[in-house]
Every structure is written in structure tokens, then in C-alpha cells.
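Subject: Handover of a structure

Dear colleague,

Please find below the structure that I am passing on to you.

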Amino acid sequence: MSKVNTAPIKWAQRSDSLYITIALPDVKEASVDLADETLKFKGKSESKEYEVDIAFFKPVDSEGSTYNVLPRSVVMHVMKKDKEEEEFWPRLLKDKALEKNQVKIDWDRYVDEDEEEEGFDTSALDGGMDMGSMGGGMPGMGGAGGMPGGMDMASMMQGMGGMGGMGGMPGMGGGAGAGGMPGGM
């Protein structure tokens, strides 16, 4: 029996939801079990076995959440349970010590709490698996439905702040490590 590895997790949030990415390419035999308090994942990538077994900081709405296994990752749009609170969580996991080793912030999808304008681009989840019945439109997800091509590039680029290669944004020099982005992307 081969050793089971911990899968790398990236996450970002909005006031009403979480976007979780398990960053593994070509996942085979994927098993995703999302409950209101926990997330369990098992799968194979490049002939190695991986798993995730985490307890969320606060309860989530497993019925209203979706996931999709993509060629380079497994992505999940997880709805927060307490819709009235509409607050950002200080971390993803209940156990602060595990957070440091298992979880990284998804800077591609990150926004500050006071800069939140709309929900996540969930076009990567199209054709994905519902973790319950999604029903009609999701309240609080303004803009996610009517974006042409599933993505509003202008607001996405605005949210990326000081990344390198951003044509037409004076004073926004390239940040360290952001060099490989083509201009005007």
C-alpha cells in the first residue's frame, strides 16, 4: 500500500460562499464528500493517492454547493450556511494549526471584504456535480449569470491589483513573481 498524501488546498471567499480548489492534475477515482461541517476528498493524481479531511471554521450548506473535477484541479463552490451573518471568515479550518500546513489563499480569486462587489466566476463549475439540488438563481450572486462568456475581464483585472503585465494601468508595476503574464491579458 502506498503512502497517502495530503492534497494541496487553495481557497477564497465572499460573504455568502467559499471557492475551494484542490490543486491536483488529472485526478482519477475522485471521491468528494461534503457535509455541513467537513470536507473529505480522495483521489489519485500521477499514480499517487491523495486525500483531504478538514473541518470547516463554521457550518456550510452542503446541499446548495457544487463541485467539478477539471483537468488540473477539483473546484468547489461551497455556500456558507448562515446567510444572515454575511461575514468573512478569518480562516477556512476550525483548527488554526492545520490551516498553516494544509491551506493556502487563492490569490487569483481573493478580494478584500470591503471590496466585494459580486460573487465568484463559477463558469468552471458548469456541468459539475450538484451536492444537492441547486434550484433557481442563488441570492447574493449578482453578476454571475449575465456576464458575457461567463467572465467579466475588466472587473477580474481590477481585482488583481498590482500584478505585472497590466497594460493601461499606470503606476501598476509588476509584482515579484508575476512576470510571466502577457500584457493586456
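Please note that the model is predicted. Several of the residues just named return below.

Overall organisation

The protein chain contains 2 helices and 10 strands. Read from the N terminus, its elements follow the order β-β-β-β-β-β-β-β-α-β-β-α. The chain has 185 residues, of which 36% count as buried. Among contacts with a separation of 6 or more, 61% come from residues 24 or more positions apart. The chain exposes about 10,500 Å², and carbon and sulfur atoms supply 52% of that area.

The nonpolar core

F56 is also one of the residues that touch the most other members of the largest nonpolar core, a group of 25 residues; the others are L18, I20, F41, M76 and L92. At least two residues of this core come from each of strand 2 (9-13), strand 3 (17-22), strand 4 (28-34), strand 5 (38-45), strand 6 (48-55), strand 7 (60-69) and strand 8 (74-80).

Aromatic pairs

A search of the whole structure gives 2 aromatic pairs. In the pair of F57 and W89, the ring centres are 6.1 Å apart and the planes stand at 50°, so the pair is classed as tilted. This pair links distant parts of the chain, since F57 is in the loop between strand 6 and strand 7 and W89 is in the loop between strand 8 and helix 1, 32 residues apart.

Salt bridges

Side chains of opposite charge can pair when their charged atoms come close. The count for this structure is 5 salt bridges, and three of them are described here.

K81 forms a salt bridge with D36, with 2.5 Å between the closest N and O atoms. K81 lies in the loop between strand 8 and helix 1 (96-102), and D36 in the loop between strand 4 and strand 5, so the pair ties together parts that are 45 residues apart in sequence. K81 is partly exposed, at 41% relative accessible area, and D36 is partly exposed as well, at 26%.

K94 forms a salt bridge with E37, where the closest N and O atoms are 3.8 Å apart. This pair also links distant parts of the chain: K94 is in the loop between strand 8 and helix 1, E37 is in the loop between strand 4 and strand 5, and 57 residues separate them. K94 is partly exposed at 47% relative accessibility, and E37 is partly exposed at 40%.

R109 is partly exposed, with a relative accessible area of 26%, whereas D106 counts as buried at 1%.

A nonpolar surface patch

Finally, I105, W107 and Y110 form a nonpolar patch on the surface, and together they have about 320 Å² of accessible area. I105 belongs to strand 9 (residues 103-105) and counts as partly exposed, at 36% relative accessibility.

With kind regards

Key
Residues numbered from 1 in each chain as written. Predicted model: local features only at pLDDT ≥ 70, side-chain atom pairs only at ≥ 80, totals over all residues. Heavy atoms only, no water. Patch = residues over 30% accessible without salt bridge, like charges linked within 9 Å, V, L, I, M, F, W, Y side chains within 5 Å. Areas by Shrake-Rupley, 256 points an atom, 1.4 Å probe, with all protein chains shown as cover. Salt bridge = Lys/Arg side-chain N within 4 Å of Asp/Glu carboxyl O. Helix = DSSP H or I, 4+ residues; strand = E, 2+ residues; numbered from the N terminus. Buried < 20%, exposed > 50% of the residue type's maximum accessible area, 1.4 Å probe, protein only. Core = buried A, V, L, I, M, F, W, Y, C linked by side-chain atoms within 4.5 Å. Contact = heavy atoms within 4.5 Å. Phe/Tyr/Trp six-rings, centres within 6.5 Å; stacked < 30°, edge-to-face > 60°.
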